[in-house]
Amino acid sequence: AHFREAKCHLALGDSSSAIRCLTKVKELEPHNRAVIPELQTAQTVESYRKEAVKAYDQHDFRKVIFCMSRAINLAPACTAFKINRAEALVHLERYPEAISDVTDILSRDRMNADALYVRGLCFYHQDLPDKATSHFQQALRVDPDHSKCKQLIRQSRVLNAKKQEGNTCFMSGDYEQACRLYTEALEIDPFNRLTNAKLHCNRGTALAKLQRYDESIEDCTQAIELDENYLKAYQRRAKSYTEAEKYSEAVRDYEKIFQLDRTRENRQLLQDAKLALKKSQRKDYYKILGIGKDASDDEIKKAYRKQAMSHHPDRHSNASEEERKENEMQFKEIGEAYSVLSDRTKRNRYDNGQDLDDMGMEFDASSLFSQMFGGFGGFGGGFPFGGGFGDGRSSFQFSFG
């Protein structure tokens, strides 16, 4: 009777009770040779069980899986060991294996609260809160005192509610409050990687709306560290890189996006990013003239007049040599910018990313200035108002028209 009881205990994973029963059999039947191997098996299983408990407390989930797998080999009918292994698999994000273990158990015992809990845990860590909550509720109906279920169902509800609050604020345009709520949500469970990846991406999107692009990039980077194939985080980061004028980084992200999702749209986005990078490596004529890319012809002309007057070398004839050279260079660049942007054909080709060498970029900055100002100036002739911009500056009257 003690021998059969020991086998039942071992099948249930109660190796300590199995050892107790087999020790009793050995005392009562010292010549029973069948007891020795069974006792050794029970002792080995007990050793694996203790090691697994210790490893679980230390979050060494790989060791938990190793110990429980060895214990299952010796006690294949033990459901508890399979559930322990499945829970460790969840913590290592090996969800299909964990689901397989608990599904096998639930096919034979639909009311196993621990198996329902572990299956819910899989859904919780895959950011499927509704499915997770459903399984936790089923487990609590079977075992109302299941402590892990009670704790996690509360945590899941708080986390999901906080995330939804943030989403609501974002949709209403209150991006500052959305950022605060996403931050609070991130503090609830640091081990829920997929949910936290989405929270970082959401906060990064809100930060981009606030034009805080560097912070947006940082959040998206953290999201990608949590989920290396998170397409939406790559897309958001690529846009923020572009807004921050970090074009090389944007191209790298769009290459990854196209690798993950080879659509026509993503191919076009990659081509656009490469074009933006190419443009960024040339002189920015719009920035040189201090105008927007949608500036009209009149705005371009006014901007040129203002900038050319400001940087004409004669105006800085009394400055240091270094300052004169700097203004000469700027004066030439201003003329170069105007010669392109004031010509419809050249401007279109420039906007489309064509190289400067293909544009026939030959012009004389001094002659251009003379044409614009009716023969005034030049690099050597000075202004015809006497003494450059010295004491005669206040007598000069000019309208930018």
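These legends describe close-up views of a predicted model. Local features need pLDDT of at least 70 and side-chain atom pairs count only at pLDDT 80 or more, while totals for chains, interfaces and linings use all residues. Residues are numbered from 1 along each chain as its sequence is written, and side-chain values use heavy atoms, without hydrogens and water.

**View 1. Helix α5 spans residues 79–91.** Helices are DSSP runs (H or I, at least four residues) numbered from the N terminus. The 13 residues of α5 reach 19 Å from first C-alpha to last, close to the expected 18 Å (1.5 Å times one less than the number of residues). E93 follows α5 and has a positive phi, near 65°.

**View 2. Several elements cover the buried residues of α5.** Among the buried residues of α5 are F81, I83, L89 and V90 (buried: under 20% relative accessible area, 1.4 Å probe, protein chains only). The cover includes α3 (35–57), α4 (61–74), α6 (95–108), α7 (113–125) and α9 (147–171).

**View 3. The largest pocket holds about 590 Å³ of space.** Its lining has 20 residues, and H59, H91, H125, D189 and F191 are the closest to its centre. Helices α3, α5, α7 and α9 each supply at least two lining residues.

View 4. The whole structure has 0 disulfides (pairs of cysteine sulfur atoms within 2.5 Å).

Methods:
Buried < 20%, exposed > 50% of the residue type's maximum accessible area, 1.4 Å probe, protein only. Contact = heavy atoms within 4.5 Å. 1 Å grid on protein atoms, 1.4 Å probe; cavity = no way out; pocket = protein on both sides within 12 Å on 5 of 7 lines; lining within 4 Å. Points joined across faces, edges and corners; volume = space filled by probe spheres on them.
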